[in-house]
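Colleague: I am new to this structure and would be grateful for a guided discussion of it. May I put some questions to you?

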Amino acid sequence: MGYERQKDFGTPEAKSAEQVTLTIDGREVTVPAGTSVMRAAAEIGGDIPKLCATDNVKAYGSCRLCLVEIEGARGTPASCTTPVAPGMKVKTQTERLAKLRKGVMELYISDHPLDCLTCSANNDCELQDQAANVGLRDVRYGYAGDNHLGLETDVSNPYFDFDASKCIVCSRCVRACAEVQGTFALTIDGRGFASMVSAGQEVDDFLSSECVSCGACVQACPTATLQEKSVKAIGKPERAVVTTCAYCGVGCTFRAEMRGEQVVRMVPWKDGKANHGHSCVKGRFAWGYANHADRITKPMIRESIDQPWREVSWEEAIGFTATRIKAIKAEHGARALGGITSSRCTNEDVFLVQKLIRAGFGANNVDTCARVCHSPTGFGLSTTFGTSAGTQDFDSVEDSDVILVIGANPTDGHPVFASRMKKRLRAGAKLIVIDPRRIDLVRSPHIEAAHHLPLQPGTNVAVLTSMAHVIVTEGLADEAFVKERCDWDEFQDWARFVSDERHSPEFLESVTRVPAKELRAAARLFATGGNGAIYYGLGVTEHSQGSSTVMAIANLAMATGNIGRRGVGVNPLRGQNNVQGACDMGSFPHELSGYRHISDGATRKLFEDDWGVTLDAEPGLRIPNMLDAAVDGSFKAIYIQGEDILQSDPDTRHVSAGLAAMDLVIVHDLFLNETAHYAHVFLPGSTFLEKSGTFTNAERRIQPVRRVMDPANGYEDWEVTQLLANAIGCDWNYTHASEILDEIARLTPTFAGVSWDRVDSGEPLQWPVNEKAPKGSPIMHVEGFVRGKGKFVVTEYIPTDERTGPRFPLLLTTGRILSQYNVGAQTRRTANVVWHEEDLLEMHPTDAENRGLKDGDWTKLASRAGETTLRLQVTDRVAPGVVYTTFHHPLTQANVITTDNSDWATNCPEYKVTAVQVTASNGPSEWQEEYEALSTRARRIEGAAEMEPAE
Amino acid sequence: MSDKTTRIGEIVAEHRHREGPLLPILHDVQHEFRCVDVEAEAAIADALNLSRADVHGVVSFYHDFTPTADPRPVVQICRAEACKSRGVEALMDGAKAAAGERVKLHTVYCLGLCSAGPNARVGDALYARLDADKLAQVIENA
């Protein structure tokens, strides 16, 4: 089928259970009460002309095109603002209506350019469609009068233009920005004939306004006024393929609108269960990295890392790699080999990589980047609830009354979900934010947290335990829930523990720096405010007490009865598109898929029988242990798929020493990333647009990834893994990712009911999908906890070893920004850099003044581990004593600063607390200069003259 | 913090408890500074937790708020139907001549004195039953 826009029902879906039957143009239709006449007509295939109505924003009733006649009603009401009523008789096409509509349309067109044939929205324009629908044949008013035809186009946004001359002032963009995105960056400037859509204030253009470039306005625009630059450059798409975004864990689904093998634009899919037709600047626009000049599409090898790269054929690269793997295995044994799976890749890619390592290499030395992000979530939630995942779907937030956000910055890290959350907050839900930094959710237009607890970094457990102290000692715990659902003895032990005076907010105030009164008020609100939902991010997990914090969160949810229904729950906001999936797929050294321990004989036998091999019963090494073992000389080779451990893992010097000590480092990636400086083999990877498979988002939703173009490198990622496996003696014969998914379903009880056909059909599938839950599980622990009784775990606050002192008096914590994604390998290679060209160090004005530093100064940031330099931003977003930076740029080398402290249970690194000193500096540090030189040297490719250093 | 933002802060504090505080704040700011400029819009937006665009949309909608200060006195002249029928249009040329560059004439539509037009207004003072001379006088005294 050719290109078609998604059907627009004009007004949002009504959620009422009550059904109403009416007649429209002689046809009977039954719809939920509260549905508009316009939507009811659309449900039965009608098409009432409309301009200001679109189904992701509320009806507005301004364009006067959708007028209808209703038997017994006066005049001609607008069908968008008129709700259906039982027995209503509506006529949508009459002579009287035709005349009215034509008259309205004439007025619109009298101030609109007639350049349809050369317009970039030609044949994809609602104004054009509606002119056709109403049968407009001429415009009696002429074009001599005042008009807006000469207005200039605002081209400031890198991804879309605003051509005011084509604007019909329907306000769809303004309303989408407010209702859907919740940024309120747009308004109507002026009144009457002078009314114009305006971003920000008089002095602003789109780029300088509050606009976050989510694209909601562009999608809402019925004309060419707000349109993607890519459409202007390329033309109208010819087909659309629905696929899943490869950025964060929200898992938005998009229509990849294509022309041939070229993406014209990515448009959020209205039927997407995670995003409901919304998007952020990354998924919507920042996909240009796939064709960036830096992308490597040919395999490369080198004997040693001081040599330039040599481009070779796939046969030679795979042969070279296999020979070395076999030699290392023969000399040092299977346990000298290992690998890392990627949370950016599909479930199928990940499953094959861990299969290659366990079954092909013969060792369990497989780990994943979740080690450095959500491994404590896995441990903490498995221990307390029995499953290693969030308990809710995203829609659940619509029923929350109190939302507690801790250690997460949703508007930047998970923007599409943040928009849902903000919508709920605007509708009256209360918000508690626990974060050292004043994130945007604390206060931004139309939302404000009831309580912001700006804790000292590293004191999460103390804050949560003192909240529990308030809830228990003030008798606010939901004991009926606890008695029914949890282990009562454990609860009593825990309640005694938290009730101790040393856990009171007053006692802990000197440690947490959170005013006791504020903390008590927040605890009371959470316990008594109705449905309480907790959302958390890496500010919880990336601490030496990460796992304890996750369990403290679980305790809080159980003690207040906030588990097992809509509107409540414990929800880790997963950082990466498929971090949930990568964990599910058996990426950890001790676990096979579905979180089953490798030492369990029955599980192992299941895999051994299916794979025809014998598996090592001993858990393998985690990433930091692999690096340690490499330095010790017992670990020799690593296969790293889609992760840049040199940049993303803690203590950069330790990582580089480990990698440098290995005989064989295989990097399978899109770009020559920082880790590749130490690689001997580079296997080019495929982007999410070039492969098939599935991603599992933060709500355990398994969604399809569809190949919309041929891989530029020749193979989908799982095919590369299969080539390597077969070259070292495996006999794999997968011909499509769906066959791998079948194997996953066969071997993993929580995935038993999953198949490619079901995923492909668009059926919502949230694991577990099996005999007990054939249709999946949007909300978990509904009848009871997966582990049986919910487990309360005593969480003793133990201060981190990382302390401030005279030499390092400040605490550094890190985070992300909206426009960039993690180490930035992708987003830095897109126009998103206009919003964030470098990482900045945020510091409170008092601390800056004490050091004689001002905004924009170069500063040296030093910790016990190392030092780097970056520019200063003076802001009161951070409290005195705390500094903050992002880690999107490799030259910043924020992880040169971070220490090797890690979570006691899972080794998840303590990124969020480092004692530092900040002083004036006049340029990059020695390490940064050396590193830049190393990067240039390590990236040389033979025959590529421009890559040679200019000696 | 500049004096202006301090003063705007005081104005906001005076009204923020009210239901719908924005319009009274804008009136006071306009009165005090003879304009609601870009800086004032941003300060008010921040204080009321609105977006800058929100405030700009309201400011630009009403003729009572101006983006730049105009030191000239303002004379509002009603040119709605009733005053038109009572002959205001014939007075306009004379009014423009009397105003020159010194006084700003501002057309409004109805001052609520329809039976006694043509009407004009300066500040809170209303003038009715105007003829050419009387209107010129009002403008000169403005």
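Colleague: How far apart do the C-alpha centres of domain 2 of chain A and domain 3 of chain A lie?

Modeller: The model is a predicted one. In the domain assignment of chain A, domain 2 covers 153–291, and domain 3 is made up of 300–373 + 583–760. The distance between the C-alpha centres of these two domains of chain A is 37 Å.

Colleague: Which element gives the most to the side of domain 2 of chain A that touches domain 3 of chain A?

Modeller: The contact takes 16 residues from domain 2 of chain A and 16 residues from domain 3 of chain A. On the domain 2 side, two or more residues come from strand 10 (239–244) and from strand 11 (253–259) of chain A. With four residues, the element that gives the most is strand 10 of chain A.

Colleague: How many residues of that side of domain 2 of chain A are nonpolar?

Modeller: The side of domain 2 of chain A that touches domain 3 of chain A includes five polar and two charged residues. Its nonpolar residues number nine.

Colleague: Which strand supplies the largest share of the side of chain A that touches chain B?

Modeller: Here 20 residues of chain A are in contact with 13 residues of chain B. At least two residues of the chain A side come from each of strand 7 (186–189) and strand 8 (196–199) of chain A. The largest share, four residues, is supplied by strand 7 of chain A.

Colleague: How many charged residues does the side of chain A that touches chain B have?

Modeller: By class, this side of chain A has seven nonpolar and seven polar residues. The number of charged residues there is six.

How values were computed
Residues are numbered from 1 along each chain as its sequence is written. Chains are lettered from A and ligands numbered from 1 in the order in which they are written. This is a predicted model: local features need pLDDT of at least 70, side-chain atom pairs count only at pLDDT 80 or more; totals for chains, interfaces and linings use all residues. Two residues are in contact if their C-beta atoms, placed from the backbone, lie within 7 Å. Ala, Val, Leu, Ile, Met, Phe, Trp, Tyr, Cys and Pro count as nonpolar, Asp, Glu, Lys and Arg as charged, and the others, Gly among them, as polar. Domain bounds come from an automatic or database domain assignment.
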